[in-house]
Amino acid sequence: MITITLIHKTDKYIQEAAAGTNLLDIIQESEIPGFNAPCGGQGTCGKCRIILKEGILNPITDQEKSQLDSPDRAKGIRMACRSYIQENCPVTIVIPEAAKSRIQASSALLMENHNPRFTLQHISIKPGSLD
């Protein structure tokens, strides 16, 4: 068994896993608060980002390449659903809050200069009758 250390904020979660085990499965078993994979591990949402600090994982997949840009990959960012423990050496993973923050930051930037065609209007409608 291989020792997997998951670091989230200031918390450490230690798991044991065999080579070939999927990281998303390990993280979900650890019940780390706020970590999710809305696509169910299909590799389509890119939300299960992790940072490999130590250890060896499978080579990066084409799905990951489509979800992660080169600077992210250079920092060791991977998608947990596409990452598998490869060798009998300790693995240390940092679980960032970046996926959620990044989306919020992006939408904030978009909304800054956004002039919507539709606006929210509050109206009241009298109940209808059959008379």
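The largest nonpolar core holds 25 residues, and I4, L6, L23 and F35 have the most contacts inside it. A nonpolar core is here a set of buried Ala, Val, Leu, Ile, Met, Phe, Trp, Tyr and Cys residues joined through side-chain atoms within 4.5 Å. At least two residues of this core come from each of β1 (2-8), β2, α1 (23-30), β3 (49-54), β4 (77-79) and β5 (91-94). Helix α1 gives the most, with four residues. Helices (H or I, at least four residues) and strands (E, at least two) are DSSP runs, numbered from the N terminus.

The model is a predicted one, in which local features need pLDDT of at least 70 and side-chain atom pairs count only at pLDDT 80 or more, while totals for chains, interfaces and linings use all residues. Residues are numbered from 1 along each chain as its sequence is written, and side-chain values use heavy atoms, with hydrogens and water left out.

Turning to the chain as a whole, there are four helices and five strands, and along the sequence they follow the pattern β-β-α-β-α-α-β-β-α. Of its 131 residues, 34% count as buried; buried means under 20% relative accessible area, exposed means over 50%, and partly exposed lies in between (1.4 Å probe, protein chains only). The chain exposes about 8,900 Å², of which carbon and sulfur atoms supply 52%. These accessible areas come from the Shrake-Rupley method with a 1.4 Å probe, and for residues only the protein chains shown count as cover. Among contacts in the chain with a separation of 6 or more, 62% are between residues 24 or more positions apart, where contact means heavy atoms within 4.5 Å.

The five strands form an open sheet in the order β2-β1-β5-β3-β4, with mixed pairing. Strands β2 and β4 stand at the edges with a single partner strand each, so one side of each is left without a neighbour in the sheet. From one strand to the next the twist averages 35°; the axes behind this angle are lines fitted to C-alpha atoms, for helices over the stretch in contact, and angles run from 0 to 180 degrees between N-to-C directions. Two strands pair if DSSP finds at least two bridges between them.

Strand β5 can be followed through its bridges to β1 and β3. Strands β1 and β5 run parallel and are joined by four bridges, with V94 in β5 as the bridge partner of I7. Strands β3 and β5 run antiparallel and are joined by three bridges. In this pairing, L52 has I93 of β5 as its bridge partner, and E54 has T92 of β5. Further along the sheet, β3 and β4 pair in the antiparallel sense over three bridges, and I50 stands opposite R78 in β4.

At the other end of the strand order, K12 lies in β2 (residues 11-17). K12 is exposed, with a relative accessible area of 61%. Leaving aside neighbours within four places in sequence, K12 is in contact with T5, L6 and I7. The C-alpha atoms of K12 and T92 are separated by 9.9 Å, although these residues are 80 residues apart along the chain.

T5 lies in strand β1 and counts as buried, at 14% relative accessibility. Beyond the neighbours within four places in sequence, T5 is in contact with K12, Y13 and I14, and also with V91, T92 and I93. L6, one of the residues with the most contacts inside the core, touches D11, K12, Y13, I26, I27, S30, I32, I93 and I95, not counting residues up to four places away in sequence.

S30, among the residues touched by L6, is found in helix α1. At 11% relative accessibility, S30 counts as buried. The side chain of S30 reaches the backbone oxygen of I26 at 3.0 Å; a polar contact is a pair of N or O atoms within 3.5 Å, and within protein one must be able to donate a hydrogen and the other to accept it, while residues adjacent in sequence count only if both atoms are side-chain atoms. Residues up to four places away in sequence aside, S30 touches L6, Y13 and Q15.
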